[in-house]
Amino acid sequence: MGCFAGRFGRVEPRRAAGQFVTGLLADLEVKTCWQLAEQAGHARPDAMQRLLYRAVWDADAVRDDVRQLIAGRFGCLDAVLAVDETGDLKKGIHTVGVQRQYTGTAGRIENSQVGVFLGYAGADGHTLIDRRVYLPASWTEDRDRCQAAGVPDEVEFATRSELAAEMITAALDAGVPAGWAAADEAYGNSSAFRAHLREHQLGYVLAVSRSHLVPIDGGKTRLRADRIAADLPASAWQRRSAGTGSKGPRFYDWAWLDDVCTDADPDDGGRHSLLIRRNTSTGELAFYRCWTPQPAILAQLVRVAGIRWSIEESFQAAKSQVGLDQHQVRRWDSWHRFTTLALAALAVLAICAADATDDDPADTGLIKLTVNETRRLINAYLIRPTSDLTHRLHWSGWRRQHQARARRAHYTRRLNIELQP
């Protein structure tokens, strides 16, 4: 709270914002204004609702402060900016941005609201640092509907990849250190998005669809990505880990065609390539278009491809731990305010977990402190102090020790499978 307390001109919204973030971190099953007000000791939710609706404060300025806090703690030149979207199922037609549209949350077309988010994966931690609500054309073409939801008059239709590009540009302009961008095929298939990243000299590893046409021979020929993979000899594949998962190293077979001229532009000064990933069990393929301003090696591209999943982990933590998807607001400002405070609460957990890991002895037999466990300890020590801290710490240590044993077993099994002929 201290990093953005100065953004509130009056003590009332400043105090309410602190109580709001504390409530998001609290052990509450549902995190709406009613529950957050009760957690803060209020008889009514008026103060929390006023904070989201009528209080005078700039959510974007608070977002900037949170983003700089994360960059200062996790920042490194090799960090990855990951973009993705998540949807919230809604009823009715009045919530800003809602319409029947595809959302990965449900895995089908539903009445939903979609937000595009920017994640940051740095030296020893990752979290979400920016957000945009997606407004479909059905909204931007109906200015009366936009006005009723508080959408500013200057806001026009923007695709999800354009929103992602805006967030990346804002982060780079604010001095957030990063060397790479990563995204799924919804963004990687956009030539405009790829060009935007190259303009900023930001290396990328972007997933594309199997039917994506890849220019080869200096752009003279275009072949489907899966057709290129089918013609590769067995010697083209290398087995490498894309990082450590909950069940051990994530081994895949990789093929790197660093002589493929994708998005050929003699003036971009970089190197284009095509990266192909093959699941060692099922044989399922995934494809990535890559560009680097400087020569790179396969290990770098594989690392970035694996780090893209950090934003999925951030979504899971944000929804399960700080109620990112539990807002009950309809208006433009209210959505941005609630979401910004949720990102601030998530930043608290990410930083505390990283700091605790730095303080841990090298060999304790415990897994690193997770975001989930961090929130439990914050509740036990600060939000709802308990007189039986010894008991709580015992169970915390037991959980981490049990998870460490389970992880070692998973790692051993995974390595044995990978080493089988």
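Visitor: Is Asp355 buried, partly exposed or exposed?

Guide: Asp355 counts as partly exposed at 32% relative accessibility, where buried means under 20% relative accessible area, exposed over 50%, and partly exposed in between, with a 1.4 Å probe and protein chains only. This is a predicted model, in which local features need pLDDT of at least 70, side-chain atom pairs count only at pLDDT 80 or more, and totals for chains, interfaces and linings use all residues. Residues are numbered from 1 along each chain as its sequence is written, and side-chain values use heavy atoms, with hydrogens and water left out.

Visitor: Which residue forms a salt bridge with Asp355?

Guide: Arg73 does, with the closest N and O atoms 2.8 Å apart; a salt bridge here is a side-chain nitrogen of Lys or Arg within 4 Å of a carboxyl oxygen of Asp or Glu.

Visitor: And how many salt bridges are there by this rule?

Guide: The count comes to 25.

Visitor: What about Arg63, what does it pair with?

Guide: Arg63 forms a salt bridge with Asp130, and their closest N and O atoms are 2.8 Å apart. The two sit in distant parts of the chain, 67 residues apart, with Arg63 in helix H4 (residues 59–74) and Asp130 in strand E4 (residues 126–133); helices (H or I, at least four residues) and strands (E, at least two) are DSSP runs, numbered from the N terminus.

Visitor: Are Arg63 and Asp130 buried or exposed?

Guide: Arg63 counts as buried at 9% relative accessibility, and Asp130 counts as buried at 0%.
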